[in-house]
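This report describes a structure in plain terms. Please look over the sequence and the model before reading on.

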Amino acid sequence: MDRLLLRSSPFGAETGALPIGEFEPGEEASARAWDALMGEDCKILVIGAGGLGCELLKDLALSGCRDITVIDVDTIDLSNLNRQFLFRMKDVGRPKAVVAAEFIEKRVPGCKVAAHHAKIQDFDGEFYSQFSVVVSGLDNVEARRWMNSMLCSLAEIDDDGNVIDPDTIIPFVDGGTEGFKGHARVILPRHTSCFECSLDLFPPQRVFPMCTIADTPRLPEHCISYAHLLQWPQAFPDKKLDKDDPEHMKWIHERAQERAEQHQIPDVTYMLTVGVVKNVIPAVASTNAVVSAACALEVVKLVTYAGHVLNTYLMYNGVTGVYGSTMALERRADCVVCGAPRRTFRVPAATTLRAFIADHLGGAALKIRKPSVTHPSRVLFMQAPPALRAQTEPNLDLPLSELCADGDELTVTDPAWGQGTALGAVIKFS
Amino acid sequence: MADGMDSNKYDRQLRLWGANGQRALMTSHILLITAGPTGTETLKNLVLPGVGRFTIMDAAKVQERDLGNNFFVTEEHLGRPRAEVTCELLLELNPDVNGDFRVADVASVIEEEPQYFSTFNLVIATQLAAGPLAKLAEICWDSHTPLLVCRSYGLICYVRTQLRDHCIVESKPESDQSELRIAAPWPELEAHCSAVDLAKLDSKEHSHTPYVVLMFQAIAAWKAQHGGQLPASFEEKRKFQQTIKDMARDFDNEINFQEASEHYYKAYTLPCVPEEIQALLAEAQAHDLTPQSSSFRVLLRALADFVAQEGGGLLPLPGDIPDMTSDTDSFVALQALYKAKAARDAAALATHAARHLAALGRPASTIAPDDVALFAKNAHCLLSVTTSALKQELAADASSSAAEGVAEAMEDPAELPAQTPICWYLALRAADRFQAKRGRWPGETAATIALDNQAVWAELQALVKELGVGKGPLGLAHAREVVRAGASEVHCVASVVGGIASQEAVKVVTRQYAPLDNTAVYNGVAGVLGVYKL
Ligand SMILES: [Zn+2]
């Protein structure tokens with residue numbers, strides 16, 4: 001790394017497609033690039049200490065980062081060991097973040113790793129604003145949405161949505177894998193396409209229609225879903241299925257097998273049962289390595305400016321040969337999280353709040369699944385706490401004309417986003 | 001699970017390559033040349049999933065500079081052989097794996113024991129200078145030993161595969177591989193589909209008749225009205241699609257008819273032997289089998305017989321059908337019909353294979369029935385991969401196999417043309433030429449940077465001239481970036497190349513999925529990946 005930070009480059013960040021700063025190399029620790037990476041102001045946050053997280057921690061530590069923080073809510077499971085190389089058999093059951101941090105500190109002297117065995121939602125904006133870059137190796141869309149909206153809300157903007165203070169932009173680097181495929185992307189909040197702008201890149205999880213599961217099963221998956229979704233709640237109305245309990249999974253497997261036999265459907269196996277019920281995504285060490293290292297390299301360039309910043313999305317596919325493609329994802333002007341925070345809806349005055357939520361907020365365009373809605377004068381509908389929900393639920397079946405006036409602006413929030421994000425919904429009666 | 005495989009620990013990967021692949025991985029022996037970060041990161045991703053055995057060859061001792069970029073050495077190891085130390089720390093990752101090391105200079109082993117390399121299932125050569133690499137590649141080519149070349153240099157890295165007659169049964173393409181044969185049904189399928197009288201079905205049965213049956217009847221009716229001809233013109237195909245829609249009682253609510261309308265082309269598409277498979281079969285027939293012939297070659301020969309005889313010009317039926325709207329009984333009956341035909345085809349293939357084995361004096365049990373069935377099921381996507389030889393690529397004139405690939409790549413520039421990964425491949429070749437002439441890497445010391453910039457730029461221009469391609473977006477800047485890096489091995493870049501290489505290594509030793517053919521260049525300056533046939 002030394003040579004790359006000490007010597008000048010014809011391809012510093014300032015010459016790239018996202019010129020975020022000028023590369024200033026130099027022989028001394030006083031040079032900007034060197035200090036930005038190895039100095040004490042460089043604090044990197046790694047979200048997730050799983051397959052990607054373990055790699056990210058190693059990559060960042062060996063790139064010279066001295067102050068790293070890692071958050072992960074999980075504990076180590078046996079099935080992690082084929083790729084999460086900071087963990088050993090003896091660590092099964094311990095918190096991932098803690099074990100990973102211990103290992104890195106031991107192997108890379110001088111690198112400090114603070115571990116939080118917690119959810120990302122347990123921390124607030126003040127906590128997140130201390131970091132230079134946030135890099136995530138998550139396995140789910142919801143946590144990414146939340147993290148993205150948190151970082152977008154930290155970028156200070158004026159009424160037109162323009163960033164006032166560039167120092168409040170905390171770059172968000174996101175990696176993800178599925179089997180032999182993966183992606184690395186860079187999000188400069190309120191400057192480039194954010195996670196919410198391109199939610200469509202993540203196809204919805206495959207679900208089987210309930211009528212197929214109940215009436216016309218054809219695949220082993222249908223039999224497993226029948227046992228999982230219909231038979232278990234019937235047999236154990238008071239017991240929630242624990243997907244990590246082998247006894248529970250064995251029960252599901254046996255019921256699924258019975259149903260499959262009855263309908264002469266082949267190939268219900270225990271492995272498939274676990275796969276369907278837990279929605280297991282295949283994962284291998286190699287893809288994690290590619291994606292994490294690409295992400296970590298972007299982190300290094302984002303703080304040192306020692307190269308062009310990825311613009312903005314790199315996809316990797318190793319299923320048939322190797323295929324890679326880099327594309328600049330477009331920012332959406334009407335993005336709820338990073339775009340204009342206000343949006344106008346033209347709806348008939350008789351539309352109920354329930355229909356408005358289902359058709360306009362919950363639809364494909366916005367994907368606001370659990371919104372709470374507030375009028376400047378009072379709360380119209382709140383998801384939680386239960387008491388407030390019960391109190392406001394009757395409003396769902398009232399027409400909008402009874403809840404607000406033409407042109408009023410309602411505030412919509414959703415647990416998918418952090419607290420700083422809200423949509424201003426201007427209601428115009430048509 | 002069989003073979004003492006820990007199915008839980010390996011659960012996430014077994015969902016990709018299955019017990020077959022895992023068994024192949026656990027019985028392979030891989031040689032890693034050079035235990036720098038590029039090498040150890042590659043090997044790490046093979047030890048974790050459970051490679052059977054590895055050997056590390058490296059002559060170096062652990063130095064101060066290794067501590068900064070290699071995760072598998074620590075301060076206490078300074079001065080010890082790097083092969084030994086990295087072997088020890090890599091073995092910690094997975095108790096299932098065996099590993100050993102050889103403290104030796106690879107260049108002398110190449111000279112003195114060329115046969116050594118053919119004892120491995122795969123050779124992974126990392127950070128090897130052009131001279132010894134060319135010799136090693138030739139040894140591997142001659143002995144049919146798969147070779148992966150990995151290179152990491154500053155912010156640039158690449159992986160190169162060299163494979164010769166590398167056979168793959170389970171190539172697992174991503175596209176839909178089902179073959180329904182609606183336009184060319186075998187007698188049982190024809191009888192099954194024509195026995196359904198749509199007019200007599202109640203509305204529930206009507207909306208739950210599998211689309212295979214619907215399309216069979218639609219195409220039969222079309223042929224009856226068109227002198228036995230299938231729809232051919234664009235116009236006719238559209239019309240045919242409409243006849244499917246017209247068969248529905250309530251198209252908007254009959255999902256099975258919607259599916260039939262969506263897949264309408266499957267009704268008139270005649271099955272055939274793909275061109276790539278025809279080429280394989282032709283080659284199999286052109287060469288006599290020998291007692292040493294692999295199971296793959298024997299089965300390929302048997303497959304040619306099958307196509308000419310029982311198959312009537314077609315490959316064995318794969319036997320899987322996609323899910324489709326249907327009641328349970330109709331779907332299960334249809335599925336059983338396809339599976340039974342596939343089993344009959346596989347049995348016929350097995351008979352041919354047994355005959356060939358007998359002629360070679362080998363028992364029929366040489367090839368397990370499961371392997372015959374797997375071969376039959378995958379007959380339409382078999383692969384035999386031969387990349388160009390590295391020797392051809394490195395030829396110093398327009399006869400180089402790289403010339404065409406480079407020219408093509410220049411036509412397809414990245415967002416910023418100077419960042420097209422092929423430019424960086426050429427820049428590294430220029431650095432190699434510099435190193436071969438001067439015995440040192442450009443930019444190794446700060447004092448010569450300005451001179452080295454000019455020298456590498458001159459090499460770069462000479463190289464493209466030899467290849468007979470234009471300079472394109474290449475410039476002095478590329479030379480400057482290469483010189484500035486001074487052959488440094490940046491951990492993240494080494495880890496990218498290690499990831500790509502290990503993935504290809506798994507694909508090669510499991511003989512599953514199509515491998516890289518033949519070079520993937522990652523440009524870490526801008527985050528762009530390019531894949532080229534060189
Ligand atoms: Zn956005």
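Helix 8 of chain A passes helix 10 of chain A in a right-handed crossing. A crossing counts as right-handed if the near helix is turned clockwise from the far one by less than a right angle, and as left-handed if anticlockwise. Axes are lines fitted to C-alpha atoms, for helices over the stretch in contact, and angles run from 0 to 180 degrees between N-to-C directions. On the side of helix 8 of chain A, the contact is made by P220(A), E221(A), I224(A), S225(A) and H228(A). Helix 10 of chain A contributes L272(A), T273(A), V276(A) and V277(A). Contact here means heavy atoms within 4.5 Å. By type, the residues of this contact are five nonpolar, three polar and one charged. Ala, Val, Leu, Ile, Met, Phe, Trp, Tyr, Cys and Pro count as nonpolar, Asp, Glu, Lys and Arg as charged, and the others, Gly among them, as polar.

This is a predicted model, in which local features need pLDDT of at least 70 and side-chain atom pairs count only at pLDDT 80 or more, while totals for chains, interfaces and linings use all residues. Residues are numbered from 1 along each chain as its sequence is written, chains are lettered from A and ligands numbered from 1 in the order in which they are written, and side-chain values use heavy atoms, with hydrogens and water left out.

Chain A has 14 helices and 13 strands. Helices (H or I, at least four residues) and strands (E, at least two) are DSSP runs, numbered from the N terminus. For 430 residues, a compact globule would have a radius of gyration near 22 Å, and chain A agrees with this at 24 Å. The radius is taken over C-alpha atoms, and the globule rule is 2.2 Å times the number of residues to the power 0.38. Along the principal axes, the C-alpha atoms of chain A fill a box of roughly 70 × 60 × 40 Å.

Two open sheets of chain A are described next. Two strands pair if DSSP finds at least two bridges between them.

Eight strands of chain A form an open sheet with mixed pairing, in the order 3-2-1-4-5-6-7-8. Its edge strands are strand 3 (112-116) and strand 8 (323-327) of chain A, each of which pairs on one side only. Neighbouring strands in this sheet are turned by 15° against each other on average, direction ignored. Helix 4 (residues 96-107) of chain A lies across strand 2 (67-71) and strand 3 of chain A, at about 170° to strand 3.

Five strands of chain A form another open sheet, also with mixed pairing, in the order 9-13-12-10-11. Strand 9 (342-347) and strand 11 (378-381) of chain A stand at the edges with a single partner strand each, so one side of each has no neighbour in the sheet. Here neighbouring strands are turned by 30° against each other on average, direction ignored. Helix 12 (residues 353-361) of chain A packs on this sheet and touches strand 9, strand 10, strand 11, strand 12 (409-413) and strand 13 (423-429) of chain A.

| Strand pair in chain A | Sense | Bridges |
|---|---|---|
| strand 4 (residues 133-137) and strand 5 (residues 172-178) | parallel | four bridges |
| strand 10 (residues 372-375) and strand 11 | antiparallel | three bridges |

V134(A) stands opposite F172(A) in strand 5 of chain A, and T374(A) stands opposite V379(A) in strand 11 of chain A.

Some backbone details come next. Most residues other than glycine have a negative phi, and most peptide bonds are trans. N279(A) has a positive phi of about 50° although it is not a glycine; N279(A) is found in the loop between helix 10 and helix 11 (285-304) of chain A. A cis peptide bond, with omega about 0°, joins A384(A) and P385(A). P385(A) lies in the loop between strand 11 and helix 13 (386-392) of chain A. In chain B, a cis peptide bond joins D517(B) and N518(B), again with omega about 0°.
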